[in-house]
Amino acid sequence: MAGMKRIKTSLFGLFAGMTALWLVAEAPALAAAKGVFQWRHLLVQYTGLLAMGAMSVAMLLAVRPAWLEPRLHGLDKMYRLHKWLGVAGLVLAITHWLWAQGPKWLVQAGLLTRPGRGPRAPEALEILRLLRSLRGLAENLGEKAFYIAVILIALALIKRFPYRHFFRTHRWLALVYLVLVFHSVVLLDFAYWRQPVGWAMGLLLASGSVAAGISLLRRIGAQRKALGEIVRLDYLDAVQVHAVTLQLKTPWAGHEAGQFAFVTFDEAEGAHPFTMSSAWTGDGRLLFLIKALGDYTRTLGHALRVGDTAIVEGPYGRFHFEGSAQRQIWIGAGIGVTPFVARMQALAAQPDGRSVDFFHVTAEVDERALALLRADAQAAGVRLHLVVSRRGDTDSLFTGERLRAQVPDWLQADVWFCGPANFGDALQQDLVAHGLAPGHFQRELFEMR
């Protein structure tokens, strides 16, 4: 809940701050504005500022800056903000384009008359004369870049668009963004550069341009990557889960239980995020439990071999089981069990004194996996509750009512959830409605697009 609040605050803060700076810069012009074309000029500038502000921050978040994770409560929240900024940038860019083109269409249709233009005063500075000479080129390139950006952002939002294609096409947005930076620098009102709105815009454009360069050079997360070798492969048939064990060959900073990494098994496919299912002991071993959910993960059993190499980037995430409560309730639905497996291994080595009830909600049961889960729970001193929830069987569903019945002191607990988004939403709403403090329900928004 705190993470979602931070996302909304960041989004509102960016747009409110840019709007306030623009209003200060344009206060005299706004007071004197008359007619469609004067308002057109003002609103083209305003929507352009907001659109490029959103795209710049989205570009910065795309390179996964580690220093922002604590401030935004994890990379999953950063990526959710990245997505919302992308959508907002798209809507604002379309609005900007409509304000730029709409009055022209009305003039061509004979519905509006363009006022006459007087001669432009010559610019005193050479740099400003240069920028003015580039206006035609900037407008032409900007319009083409806008059309490409609309297509690429739309593809990114279509979940059925295969990840391997998304991975390639999304990188092109960095180049498109740089073209739009050129468009913005040339066409932004020259007076802005002498005011706070221009300074803020310059900082955003510079930060976004550096991030775009990092993306184009394929240096995202370069300092957080390690090379690993697959040393063991298992397949849990009943639950359709691949258990992949890696032995790292290069240094790794270590990780906390609940964190995830981007793993590249195939350069053509790109990196996919997977939660680490083993506690860090310093031996260089990492276990990933990967559910066969999509086109790519279903093929892993045929594609991977012992001895193959993989690149691991991370760790990321703030699903770290901290909190003030000495009582915790864990809910791991399906493959959402993975962070809890790692946490139980960590607690077995170093108990923290908390009382923990762990509900593993699943539609299928693999006896080998269940035996290992029970052994981990026993070693960690965690009470394990197996909930076999069959689709269509309402009596088997795990609900807030069922949780409250099995854990009478649930209101004194921190609740940690990992699983399908809809299930998490319903459970969170139910528990908060019955008195749980919103900040006591912790979850990861494990959607990277």
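## The second largest pocket

The second largest pocket has 46 lining residues, and those nearest its centre are Arg-40, His-41, Val-44, Gln-45 and Arg-135. (On a 1 Å grid over the protein atoms alone, a pocket is an open set of points where a 1.4 Å probe fits, with protein on both sides within 12 Å along at least five of seven lines; lining residues have an atom within 4 Å of a point.) This is a predicted model: local features need pLDDT of at least 70 and side-chain atom pairs pLDDT 80 or more, while totals for chains, interfaces and linings use all residues. Residues are numbered from 1 along each chain, and side-chain values use heavy atoms, without hydrogens and water.

By class, the lining has 22 nonpolar, twelve polar and twelve charged residues (Ala, Val, Leu, Ile, Met, Phe, Trp, Tyr, Cys and Pro count as nonpolar, Asp, Glu, Lys and Arg as charged, the others, Gly among them, as polar). Helix 2 gives the most, 14 residues (helices are DSSP runs, H or I, of at least four residues, numbered from the N terminus).

## Helix 2 against helix 7

Helix 2 (35-62) and helix 7 (163-187) each supply at least two residues of that lining. These two helices also pack together, at about 145° with axes 11 Å apart (axes are lines fitted to C-alpha atoms over the stretch in contact, and angles run from 0 to 180 degrees between N-to-C directions).

On the helix 2 side, Gln-45, Met-52, Met-55, Ser-56 and Met-59 take part; their partners in helix 7 include Leu-173, Tyr-177 and Leu-187 (contact means heavy atoms within 4.5 Å).
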